[in-house]
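Hi,

Here is the structure I promised to pass on to you. Have a look at it first, and then read on for what turned up.

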Amino acid sequence: MPRPVARVLALLELLQSGGIRTVTELADRLDVDERTVRRYVGHLVDLDVPVESVRGRYGGYRLAPGYRMPPLMLSDDEALAVLLGLVAGRRAGLATDTASETAAAKIRRVLPERLSRRLDAVLGSLAFTDRPGEAVAPESTVLLAIADAVDHHRPISVRYTAADGRRSERTLHPHGVVAHSGRWYVTAADLTAGEDRTFRLDRITGVRTLPGSFEPPAGLDPAKRVLTGLATAPYRHEVTLRIQGTAEQIHTRLPAGIAIVEELPSPSSADPQTVRWSRVGLRVERLDWLPAVLASLDRPFIVERPDELRGLVEALAERLTNSARRNPPHE
């Protein structure tokens, strides 16, 4: 690409980033004099790009408000970031497979062949150490409508299908949208049930914005509410433990979406340097995975309930002891 043409396109890219750019700033960024900048602006105007001249002490050039260039202009780093973002978003459930694939295809069509080949090489050689989770992306119309209601504090009416298949229509005051472990949630005041609840977006259809507005509660943390709701959901076993350590240390093996950790106050006579204990509560469908996780914490712990977990911990300890004492077979 001839150098002057490349600089004209670079000027367009600077103007597309928004705001008013002074002639001096543009000259410095393009490594040309101010007279050349004005000539480049003239080239853009000849191409029907609406560059506006702003007079005054803080004047300069800007693109007309609302104007967007049809061609996609990405540097090598930007194109790689966008495509990797689409791959990661699809694996994390932040976008549907179809939307990610069509968006990636559109980007590839406008990329130079040289850059397209290099990006294909990166994506073709890329491997992940973790398997994609059970990602369930919501319908874009549902996500956009609810996000808009959250932003403008508007009540909404939704049709919701519960886990057991029951369908209902609910009126919500949505507080926040949260993405967690491949699923999307909305925390809301459920006016139909008269309580605060969390709903999965992939189970919501028919979002309708209602008249009026509401004032969200002060100090609300939607992400914390989702994690707490998941950790306290009804399961087969209720587990209570005491573990020596802080909430941060315990959450390295028992995430907030699984366990509720309450740091216990130290006795008044205790040494300030003594490591504090925490009470940990979990609700789980199975207990067989917990002993190994507790062992991996490498911290003293006490099983308060259920007694069945004590037996599983003892069985794991016995198996580990037997393995440690076992001698290799003679060849």
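Which residue just after α10 takes a positive phi? Asp298 does, with a phi of about 55°. Please keep in mind that this is a predicted model.

Let's stay with α10 for a moment. This helix covers residues 290-297, and its buried residues are Leu290, Pro291, Val293, Leu294 and Leu297. Because they cover an arc of only 165° around the axis, they sit on the same side of α10.

An open sheet is built from 5 strands with antiparallel pairing, in the order β6-β5-β4-β3-β7. At its edges are β6 (195-200) and β7 (204-209), each of which pairs on one side only. From one strand to the next, the twist averages 45°.

Within that sheet, β4 (residues 167-180) and β5 (residues 183-190) are antiparallel partners, joined over 8 bridges.

Helix α7 (residues 140-152) lies across β3 (156-161), β4, β5 and β7, and runs at about 80° to β4. Helix α8 (residues 222-231) packs on the sheet as well, where it touches β4, β5 and β6; its direction makes about 110° with that of β4.

Happy browsing, and do write back with any questions.

Best wishes

Technical notes
Residues numbered from 1 in each chain as written. Predicted model: local features only at pLDDT ≥ 70, side-chain atom pairs only at ≥ 80, totals over all residues. Heavy atoms only, no water. Buried < 20%, exposed > 50% of the residue type's maximum accessible area, 1.4 Å probe, protein only. Helix = DSSP H or I, 4+ residues; strand = E, 2+ residues; numbered from the N terminus. Arc of directions from axis to C-beta. Pairing = 2+ DSSP bridges. Axes fitted to C-alpha atoms, helices over the stretch in contact; angles between N-to-C directions. Contact = heavy atoms within 4.5 Å.
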